[in-house]
Amino acid sequence: MKKTPLYEEHIKLGAKMVEFAGFSMPVQYKGVIEEHLTVRTKVGIFDVSHMGEFRLKGNQAFDFVQYLTCNDVSKLSQKQVQYSAFTTERGTVVDDLLVYKVADDEYLLVVNAANIEKDFKHLEKFVDRFDVDLINESDITAQMAIQGPFAEKTMEKLFGEIVKGIKFYWFDYVEYKGEKCLLSRTGYTGEDGFEIYCRPELASSMWNDILDAGKEYEIEPCGLGARDTLRLEARMNLYGNDMDETTTVLEAGLGWICKLDKGDFLGRDALLKQKEEGLKKKLYGFEMVDRGIPRHGYPVFKDGKEIGVVTSGSFAPYLKKNIGLAYLPVELAKAGNEIEIGIRKKMAKAITVKTPFYKREKK
Amino acid sequence: MYPKDYRYTEDHEWIKVEGNIGTVGITDYAQKQLGDIVYVELPEVDDEFEKGEEVATVESVKAASPVMIPVSGKVVEINEDLEDSPELVNQDPHGKGWFFKVELSDPSELDDLMTAEQYEEYIKSEGE
């Protein structure tokens, strides 16, 4: 099993470690609920060094990313970040990712840990058609996420004024121990926050310096458990649960990152056709009315007939409700429809609701 | 830590027997492994179970886990406090966090269960 550069820190902090995507990762330190609430009300730090990083350099770096992702890369300015997806020829999802525009001829792609090898092979199939170099930097990059209402103050203490100037989904460079590190205002929690990338050798001291800087805001280390409940409350899809190569970007509710008018890209024809013919199923949110917690894989019923499946479900620690996402027939994929979730031997009532379940108040 | 007058299963349930009635819950080791408990699905009063059958479900934030009944018998009472306060299982697993009471149909089944000492040895060997 792989270890991140922060493995020893997790052990020192008494984290409960689990295997995730081939890595030994902290699932929780003190408890999922406490960590979840810390991020919603204070600030938390996550080790996300398991994530993959690919760098693309070359005259056709733009054309390459524009062809292999469904969002419109031409809309990106230097130092801007974009949420996007790699699509198959059928318009289904190879992976979701962040695209960082480093320069006109250089992009950084941040992908899911579980998909690093698959994504790299997928991109390699196309790399010869473009004047571009594709480099897998996953093993030489550590990543941490600092998330919550006091994330900005915490990072400002460590890196200075520059932090405040970074807007949502933009990045800049900060100096740490004489080295340039990429700091973006991004995250997977639904809160304000940052993600920082550095060399593995710097990770431990940076982790501890951030914990020190955040002490006065009661910062806590947070594990994968809270990361999952936070992203679900904010209705961010989890690859492998909520979408994969059997679901299209449109079915996964990611129409907003699917720019069919941007010009040709892999999967565009299939997606145009699907949009024209109309979707049959769509990923939609629901909230439990009866007692019971929905889980990945549970069947969904309407009037006693099985009509879909739960892809993500959990107790939502901040909302104190049981919530989930499910693929539903498109006619039911709007707010206010009564459905039933098959929880073990029982049928439990639920109601479809608009997402995100949780939305932070803008300052 | 583990009360001497309780008996324990390999699936980390405990049972305390008084007369013909056993009170059942999950062990401190089990609640620590599960983390924050947010829901407990209990059987209904008068439901009958065979020893080792799935009798309840305990859910942490992350997952649902089955609870097996340590002995055969009929459920005579359930802990209704768990409905609104499932965290009692974390806070007091061997006391206020009990799940249900069962009327034993074959008290000799208790002989198959572990004593507190045996259970403590058992969880050590499980790698805690």
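Me: In what order do the elements of chain B run from the N terminus on?
Reply: Keep in mind that this is a predicted model. Starting at the N terminus, chain B goes β-β-β-α-β-β-β-β-β-α-α-β-α, which comes to 4 helices and 9 strands.

Me: And what's the radius of gyration of chain B?
Reply: It's 13 Å, close to the 14 Å from the globule rule for 128 residues, so chain B is as compact as a globular protein of that length. Along the principal axes, its C-alpha atoms fill a box of roughly 35 × 35 × 20 Å.

Me: What percentage of chain B counts as buried?
Reply: 41% of the 128 residues. As for contacts between residues at least 6 apart in sequence, 63% of them join residues at least 24 apart.

Me: OK, sheets. Which strands make up the open one in chain B, and in what order?
Reply: The order is β4-β6-β7 in chain B, with antiparallel pairing. β4 (37–41) and β7 (64–68) of chain B are the edge strands, each pairing on one side only. On average, neighbouring strands in this sheet are turned by 25° against each other, ignoring direction.

Me: How many bridges join β4(B) to β6 of chain B?
Reply: 4, and the two strands run antiparallel. Y39(B), for one, stands opposite E59(B) in β6(B).

Me: Switching topic: how many residues of chain A are in contact with chain B?
Reply: 12 residues of chain A, against 9 of chain B. On the chain A side, α2 (32–41), α7 (224–233) and β17 (305–316) of chain A each give two or more residues.

Me: What's that side like by class?
Reply: The side of chain A that touches chain B has 5 nonpolar, 5 polar and 2 charged residues.

How values were computed: Residues numbered from 1 in each chain as written. Chains lettered and ligands numbered in written order. Predicted model: local features only at pLDDT ≥ 70, side-chain atom pairs only at ≥ 80, totals over all residues. Rg over C-alpha atoms; globule rule 2.2 N^0.38 Å. Buried ≥ 20, exposed ≤ 12 C-beta atoms within 10 Å, placed from the backbone. Contact = placed C-beta atoms within 7 Å. Nonpolar A, V, L, I, M, F, W, Y, C, P; charged D, E, K, R; others polar. Pairing = 2+ DSSP bridges. Axes fitted to C-alpha atoms, helices over the stretch in contact; angles between N-to-C directions.
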